[in-house]
Amino acid sequence: MNMLNIWFIMKREFGGYFATPVAYVFIIIFLLLAGFSTFYVGNFFSRGEADLYPFFSLHPWLYILLIPAISMRLWAEERKSGSIELLMTLPVSVFEAVVGKFFAAWAFTGLALILNFPLWITVNYLGNPDNGVIFTGFIGSFLMAGGFLAIGSCISAVTKNQVIAFVLSLIVSLIFVLAGYGIVLDFFSSWAPQPLVDAISSFSFLTHFDAISKGVIDLRDMLYFAALIAIWLFANALIVNARKAD
Amino acid sequence: MGLNNARFENAFDEAGDALSMTLRVEIEDLAKHFGEIRAVDGVTFLVSKGEVLGFLGPNGAGKSTTMKMITGFLAPTRGTVRVCGYDVSTDPISVKANLGYLPEGAPAYADMTPDSFLKFIADIRGLSGAAKKRAVASAAERARILNVMYQPIETLSKGYKRRVGLAQAILHNPPVLIMDEPTDGLDPNQKHEVRTLINEMAEDKAIIISTHILEEVNALCTRNVVIASGKVVFDGTPAELEAKSRYHNAVVLTVNAIDNGKLLQYVTSLEFVTDAEPLTSANGIRVFPKDGQHITIPLSEKIREQGWEIASLYAESGRLDEVFRSITLPRTAGVK
């Protein structure tokens, strides 16, 4: 694995987001939705607590909608325009390309996340929040975004059509979030054995994200997201390799 | 290097050391099957330094598929490809590092400018600092894209896009250059520029270009490989390709004050002539020699012996389109 190649591919891909209005539109919509959901859906003021829980707790739902919009172009466009033939005949390995592109998308999401800093300033102005918890909240949200992106990146290698990539990623992301949701778990717990319910729940983004966003850094939650990203990117590389010339 | 040389010499003992020094691309029994379809079916050829190999064949004959296998984009069903001694199936990265490749249609990242695109390629090719600057400037100059370096590639004309692809392929001065239809869709001036560029680089590289434009055979190539239905049907020099034509060394003859009928009757009676036919577009006849021999001098002597006055007389070199049809059509028809 050549780290420099990953860096060059990441740099090119990251710049690609800003070559078109896509990056700006995405960031503005992300900030608007995050702000809106924090204040209206999350009841930031009426809760009367100096933390960013209302902000973070809605991130899984924001990401379901917005992350596929970032990841859908990663490989679908490369295949559609034929530039994949150029990329794959340069002296880089498939895995370097997959990881480089993933890091670019992840860095871009990280940037959008950091641009929510006015909320952090607001909550510090209004009260005395535990900034450690807020920090782990950002880390947890960033890790979860990586999980969504790895899913989206892998799925965008399946098709040349970005719309299909978007819809499929959205559905798979939804499944990964809903797996930890009360209604779904209740549905299973009425008939399925408890270990299975636990297994389903443990695959959910919500289960692992909730703890981190409340300031609890558990190595298992970190490992969950790291493993999830690694597995989806590995599958991504296999799919790119198998379908690049189709 | 030592190891590679050893491998070369083992593989090509009989060919001798001189050849192994310059041998750059070795393709052996290469095949690609897509299900039942045999897109490429046992292609074998070698390309050495200084050669410009014209890879000819009708559309769908397997040219692009072969090139994709040489460049490591497609995995072959069977057979081996070695570039500069590296096997593409075991060491694809080394093969790709020694290759410049212009894929069909010259794909690029449309939202980048040629400048940032070439810089990205230079990064990936391991160039940095002054060497990177030099490589980008030199490739841009040779491909003649200096005046569009800061416009998004998607806004460029087809000719410029093709040249950006060319600049990308030659950027790292690769020992082997592979170009899939480099002049397809260009206007005559652009074609001429691309051919000039390829000729300039030919001396110290091994170049493979695929084309179905026959005029490029003489304008560019030192050797031709013709494939049809995934198989090699010809491998030789452009002159040898022309020599396969029925029209090779045929003589076009016009004689004053003698009608064609009488002329044909006399000419076909000569012992070095197999056949003759009247020209369709002008007055005169075409004379086909026995065994492709040169007959201009004996023919002109015989005509003068008759006391006839020759208005014009010249030998044809052969018609590539006719050769192309005759060697590629039977197989295409056979598949259907």
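Of the 336 residues of chain B, 42% count as buried (a residue is buried if 20 or more other C-beta atoms lie within 10 Å of its own, exposed if 12 or fewer, and partly exposed in between, with C-beta atoms placed from the backbone). The model is predicted: local features need pLDDT of at least 70, side-chain atom pairs count only at pLDDT 80 or more, and totals for chains, interfaces and linings use all residues. Residues are numbered from 1 along each chain as its sequence is written, and chains are lettered from A and ligands numbered from 1 in the order in which they are written.

Chain B has 13 helices and 14 strands; helices (H or I, at least four residues) and strands (E, at least two) are DSSP runs, numbered from the N terminus. The C-alpha trace of chain B spans about 75 × 50 × 40 Å along its principal axes. Among contacts in chain B between residues at least 6 apart in sequence, 67% join residues at least 24 apart, a contact being two residues whose C-beta atoms, placed from the backbone, lie within 7 Å.

### Strand pairs of chain B

Two strands pair if DSSP finds at least two bridges between them.

| Strand pair | Bridges | One pair of bridge partners |
|---|---|---|
| β1(B) and β2(B) | nine | Ile27(B) and Phe45(B) |
| β1(B) and β4(B) | five | Glu26(B) and Arg82(B) |
| β11(B) and β13(B) | three | Val252(B) and Arg286(B) |
| β12(B) and β13(B) | five | Asp275(B) and Phe288(B) |

Strand β1 (residues 23-34) of chain B runs antiparallel to strand β2 (residues 37-48) of chain B. These two strands form a hairpin with two residues between them, and Gly35(B) in the turn has a positive phi of about 65°. β1(B) also pairs with strand β4 (residues 78-83) of chain B, again in the antiparallel sense.

### The four-stranded sheet

Further along chain B, an open sheet of four strands has the order β12-β13-β11-β14, with antiparallel pairing. β12 (273-278) and β14 (309-315) of chain B each have a single partner strand and stand at the edges, so one side of each is left without a neighbour in the sheet. From one strand to the next, the twist averages 25°.

Within this part of chain B, strand β11 (residues 251-256) pairs with strand β13 (residues 285-289), and Val251(B) stands opposite Val287(B). Helix α12 (residues 296-305) of chain B packs on the sheet and touches β11, β13 and β14 of chain B, its direction making about 170° with that of β14(B). Helix α11 (residues 260-268) of chain B lies across β11, β12 and β13 of chain B and runs at about 170° to β12(B). Such angles run from 0 to 180 degrees between N-to-C directions, and axes are lines fitted to C-alpha atoms, for helices over the stretch in contact.

The hairpin of β12(B) and β13(B) has six residues between the strands, and Gly284(B) there takes a positive phi near 130°. Two residues other than glycine also have a positive phi. For Asn249(B), phi is near 65°; the residue is found in the loop between α10 (238-243) and β11 of chain B, and is buried, with 20 other C-beta atoms within 10 Å. For Ala257(B), phi is near 65°; the residue is found in the loop between β11 and α11 of chain B, and is exposed, with 7 other C-beta atoms within 10 Å.

### Contact between the chains

The contact takes 20 residues from chain B and 18 residues from chain A. On the side of chain B that touches chain A, the elements that give two or more residues are α4 (92-97) and α5 (114-124) of chain B. By class, this side has 13 nonpolar, three polar and four charged residues. Ala, Val, Leu, Ile, Met, Phe, Trp, Tyr, Cys and Pro count as nonpolar, Asp, Glu, Lys and Arg as charged, and the others, Gly among them, as polar.

### A helix pair in chain A

Helix α9 (residues 131-156) and helix α14 (residues 219-243) of chain A pack at an angle of about 15°, with their axes 8 Å apart. α9(A) and α14(A) are therefore roughly parallel to each other (angles under 35 degrees count as roughly parallel, over 145 as roughly antiparallel, 65 to 115 as roughly perpendicular and the rest as oblique). The residues in contact include Leu143(A), Gly147(A) and Ile151(A) of α9(A) and Phe225(A), Trp232(A) and Ile239(A) of α14(A). By class, the contact of α9(A) with α14(A) has 13 nonpolar, four polar and no charged residues.
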